[in-house]
Amino acid sequence: MAFGKTAVIGVGLIGGSFGLALKASGLCGRVIGAGRSAANLELAVARGAIDAFETGAAAAVRDADLVLVASPVAQFERIFLEIGPALKSDALVMDAGSTKRNVVAAARKGLGDRIARFVPAHPIAGAENSGAGAASAALFRDRRLVLTPLNENSKEDVETISGLWTALGARVSHMTPEEHDAVFAAVSHLPHLLAYALVGDIAARADAAQLFGYAAGGFRDFTRIASSHPEMWRDICIANGDRLLRELSSYEKKLREVGDMLQRKDAAALEKLFTDARAARERWLNGEYR
């Protein structure tokens with residue numbers, strides 16, 4: 001498993017880290033990038049994430065053996081339409097999008113009869129920092145990588161993509177696009193929405209300066225992910241809005257239950273909630289759900 005030329009469309013945290021990890025693994029020859037910011041692409045070259053870059057995605061993928069699309073998901077349809085005619089017949093294509101139903105639909109529209117060589121992927125390795133400056137060759141080590149293979153994919157192509165991510169240190173699992181979007185609405189998209197909403201609420205208050213001035217570790221920990229890339233998360237929330245609304249409704253119901261506990265001054269119920277939640281989080285941190 002080796003690729004002579006790899007193209008990375010969107011050389012941010014994920015795309016840049018993929019380039020660094022791929023080059024460190026020795027599994028590729030050259031890595032060519034493409035994106036909207038020349039300054040970010042120049043930084044990616046300086047950091048060794050890519051060897052060179054092109055001004056357009058079509059130019060970047062020409063003669064590429066492997067293509068990773070790691071841009072914000074709202075751009076995927078345009079990118080697939082652009083790169084489809086430029087792809088080699090045997091080029092393998094994958095993505096790093098945090099939603100899957102819309103990405104698969106965009107790929108079917110943009111790639112046409114080349115859809116069989118597109119294997120949807122999602123590395124669960126995000127961070128609050130973005131851009132090529134935040135990229136790390138170690139980003140994917142011992143992190144989950146979800147593949148949502150299509151019926152058109154060959155077993156060999158899926159195994160190749162799975163083996164590639166495994167070689168970069170990821171733990172690969174499979175889901176359907178529908179299952180993927182439901183799961184990540186609960187454990188990724190909703191937490192980001194809540195963090196942004198809390199910071200936005202505090203910032204809009206007349207006494208925001210005082211509130212932020214006294215905010216400490218708890219606020220910092222809870223809102224860390226509100227430093228994530230706004231455009232990326234805007235696109236994710238819109239793309240997975242139906243599943244996210246279900247999770248938001250469930251969370252609102254739980255908050256109303258907590259509000260009732262406070263109204264009743266039900267210390268025992270609050271303590272049970274806190275105890276059970278802490279125990280569940282400890283089980284998760286201790287790897288019981290790997």
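Helices in this predicted model are DSSP runs of at least four residues, numbered from the N terminus. By that convention Thr223 belongs to helix α9, which covers residues 217-223. Thr223 counts as buried because its relative accessible area is 9%, where the cut-off for buried is under 20%. The side chain of Thr223 reaches the backbone oxygen of Phe219 at 2.6 Å, and, once neighbours within four places in sequence are set aside, Thr223 is in contact with Ala195, Leu198 and Val199.

Side chains of opposite charge can pair when their charged atoms come close. The model holds 19 salt bridges, and one of them joins the side chains of Glu77 and Lys109, with an N to O distance of 2.8 Å. Glu77 sits in helix α4 (residues 76-83) and Lys109 in helix α5 (residues 101-111), so this pair ties together parts that are 32 residues apart in sequence. Glu77 is partly exposed at 33% relative accessibility, whereas Lys109, with a relative accessible area of 54%, is exposed.

Arg78 is partly exposed at 44%, and Glu82 is partly exposed at 30%.

Another salt bridge forms between Asp242 and Arg101, whose closest N and O atoms are 2.8 Å apart. This pair links distant parts of the chain, with Asp242 in helix α11 (residues 241-264) and Arg101 in helix α5, 141 residues apart. Asp242 is partly exposed, with a relative accessible area of 36%, and Arg101 is partly exposed at 21%. Elsewhere, salt bridges that share partners join Arg36, Glu231, Arg234 and Asp235 into one network.

Notes
Residues are numbered from 1 along each chain as its sequence is written. This is a predicted model: local features need pLDDT of at least 70, side-chain atom pairs count only at pLDDT 80 or more; totals for chains, interfaces and linings use all residues. Side-chain values use heavy atoms; hydrogens and water are left out. Helices (H or I, at least four residues) and strands (E, at least two) are DSSP runs, numbered from the N terminus. Buried means under 20% relative accessible area, exposed over 50%, partly exposed in between (1.4 Å probe, protein chains only). A polar contact is a pair of N or O atoms within 3.5 Å; within protein, one must be able to donate a hydrogen and the other to accept it, and residues adjacent in sequence count only if both atoms are side-chain atoms. Contact means heavy atoms within 4.5 Å. A salt bridge is a side-chain nitrogen of Lys or Arg within 4 Å of a carboxyl oxygen of Asp or Glu.
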